[in-house]
Amino acid sequence: MTDAAPNPKPALVMDMISDTKFADEAGGVLGEEQIAQLAGANFDDPNLDKEQIAFDDESPYPEVRSAVANTDDPDMPCQTIRSWIIGVAWAIIIPGLNQFFFFRFPSVTVTGIVAQLLSFPVGKAAAAWLPNWKIFGYSLNPGPFTVKEHVLITIMATVGYQSAYATDIIAVQRVYYNQIYNFSYQWFVVMSTQLIGFSIGGVARRFLVAPPSMIWPINLVNCALFNTLHSQQYAGIGSRGGISRERFFIYGFLGSFFWYFFPGYLFQALSYFSWVTWIRPQNTTISQLFGYFHGMGMSVITFDWSQIAYIGSPLATPWWAEANIFAGFVFFFWFLTPVLHFTNTWFGEYMPISSRISYDNTGNTYNVTRILNADSTINLEEYHKYSPLFLSTTFAISYGLSFASITATLMHALLFFRKQIWTQSRRALHEQPDVHARLMSRYPQVPEWWYICVFLSMFALGIISIEVWPSEMPVWAFVLALAIAFTYIIPIGMIQAITNQQVGLNVITELIIGYALPGRPVAMMMFKTWGYITMAQALSFTSDFKLGHYMKGQAMFSSQVLATIVAGTVQLGVQAWMFTNIPGMCSTDQPDGFICPSTEVFGTASIIWGAHICSLGQSLDSIFNRRCYWTRTPILKGANILPCVSGVHMLLGAPQHPTHLPLLIALVFFFLIGAVAPVIPFILGKKYPSLKYVNYVPVIFNGTGLIPPATAINYVPWAGVGLSSSSSSDGATSRGGQNVLSAALDSGVAISILFIFFTLQFPKNGTIGANNIAKWWGNTVMTEGADFAGTPVRPLAPGQTFGPSSW
């Protein structure tokens, strides 16, 4: 976690403070206060098994004991020349490849676990073949490739491996609004949005890294893989018989690699195994309930690990979090959504029950270009001539749940984490009770002024990018976006560190800027990116810090900053080359598949929110027969406010006026539901302590946040695998095996996807097997019928429309 080399220490450093002594001083039996002190959890932690707390210089959490060593060798090389060179090379190659395929459909992503696997043989080869020369006094090849070098390389390879969120702003401006600015603008926007969140890392590590209760489950899978590859021995391995973890990983990896050829290429119906819809493929009701493409997925079966792990590995998520998410899914999407849909609420029966796109009143995809002025602002007259915007029932419910998760997160943090936050704010990093925190305290920490420098420099780049170029975004909106992100970092981070689930801010930021600056799509995109990605990048940064905390790594700050700068610059270069050299880039008929699906969604969202919010103001005028003036205040220059809307009328939704407005009003209730819901388990938990497993209400609301495009195929099998594996596990050893198995399955699928894509799908423009394998029943049955076509329950005849007569 540090950026300076430690002082020389003995080769093997065990923690000098014995937890056994701590237990003896407590009289052999730990009370609630002692347990809270030992675990660093001033709340009722569902991950903590109070009956199996270890007192042998180990973490009190069995998941951590099973994957992380409680020893450290401070003399082990970490910041070597070869590790920096390999890390920077991966920071160029992997983000560049992912950016190239980001605009293609179907796409392929070189994931973080692929980078972790590929880094191992590269590091081993460097140790074997590089000469032992000295460069400025540093050895080019200091000896065997170490696990600390591997951690450093992997973090540099993965911190920016995904397409930078802000590159979609650049693409949308080019494709939708014909705004092509120079590289300086693009670089300023990308760097500011990617790096400004890092500045909160110095504060966040006190709350999200050092406390042992912040376990970050996904990092435990990485730790298990690191230790397996490097044959690290530690207490959590245990002394059971059977095959070694290395061999177990190899078996799991090979099995996953070869099996994916069936659901991924040879027999794709195994992936979308919606067997009920195959019986009557044209029945729209059956397809809406049992289909996987546009239905509720009640067929519940898949044989594809990439589908099961689409929302995250079920073997890495705590069982109680999976149970909460599954319960929320069943209620909101298998009960509430069908009820609303088949009663034609919000005109749902004229659309598929589940879809990721928006519709007009003819049932076609909403054509946003019809409501744009020449300057890319909203033309309300054309909007009223064209059509209101409609969402599928599932999409609408997902928006409501996102609203609920926002207020539930703050309320949950206030009720359950307030004591934890207060305690950590006063506790120094070296005072943490965790053995890993005490081992890391031997290393110099990153100076606070480094974080301040990152914030000030990236803040300046943000101001320059919105003021020098015509962004339509005022400075106060930039500050507000950062304030939203910084407000939520600690509560969302604590929930993610405990449950492996992150609450997203993308929808709430769209809503806020849509009301504050209606009709400014570019400003909306920028506001959403700074408001959402600042938080997401801060938590990614913190998660990597926790990985370094577990593996006793160094240079976590400088490696992430350098790799992010390199990756973002490379991605902008690749994107610029693609738009310059690929004919028909982002057109729907681009022959090589570069149709830019994400750019389409991103651009459409920028128009949707502007159009809807603008139309809302006029709809309110007509509903209440009163003029609601859009005023501008000196303090919030450019901010539009509706000061005269009656709250009572707004909540009632004015049902006598047949517009789409009641959908918006109904979703507003979710804010209230989210604020009230956490209070119920908090009160009941005082009387029934076992309710600690169901008191994470934000997880219930946000756990299904990937719907759509995710469906039941990604949730029901996920929960089934996770809960069954948890019920069959026994102790830290079994949990360690699950982490290794998860790493093996994820790695095998990731490598298999790359192999299939580059050997069987990408060559010859995808014509390999087009006339044989691609056409047999096992690869076509799931695409034949109402589910794949998205046929609604009430299809329209040509020329017919649905919805209100005026809007």
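Residues are numbered from 1 along each chain as its sequence is written, and side-chain values use heavy atoms, without hydrogens or water. In this predicted model, local features need pLDDT of at least 70 and side-chain atom pairs count only at pLDDT 80 or more, while totals for chains, interfaces and linings use all residues.

Student: How many disulfides does the count come to?
Tutor: A disulfide is a pair of cysteine sulfur atoms within 2.5 Å. C586 and C596 are joined, with S to S at 1.9 Å. The count comes to one disulfide.

Student: Is C78 buried or exposed?
Tutor: Buried means under 20% relative accessible area, exposed over 50%, and partly exposed in between (1.4 Å probe, protein chains only). C78 has 4% relative accessibility, so C78 counts as buried.

Student: At what angle do α4 and α5 pack?
Tutor: Two packed helices are described by the angle between their axes and the distance between the axes. Axes are lines fitted to C-alpha atoms, for helices over the stretch in contact, and angles run from 0 to 180 degrees between N-to-C directions. The axes of α4 (residues 81-102) and α5 (residues 112-129) are 11 Å apart, and the angle is about 140°.

Student: Which residues of α5 do R82, I86, W90 and I94 in α4 meet?
Tutor: Contact means heavy atoms within 4.5 Å. By that rule, the four named α4 residues meet A115, L118, S119, V122, G123, A126 and A127.

Student: Where is F347 found, and what is its phi?
Tutor: Most residues other than glycine have a negative phi. F347 is found in the loop between α16 (319-342) and β5 (358-359). Its phi is positive, near 60°.

Student: What is the relative accessible area of E472?
Tutor: E472 sits in the loop between α21 (448-468) and α22 (475-499). E472 also has a positive phi of about 65°. E472 is partly exposed, with a relative accessible area of 48%.

Methods. Helix = DSSP H or I, 4+ residues; strand = E, 2+ residues; numbered from the N terminus.
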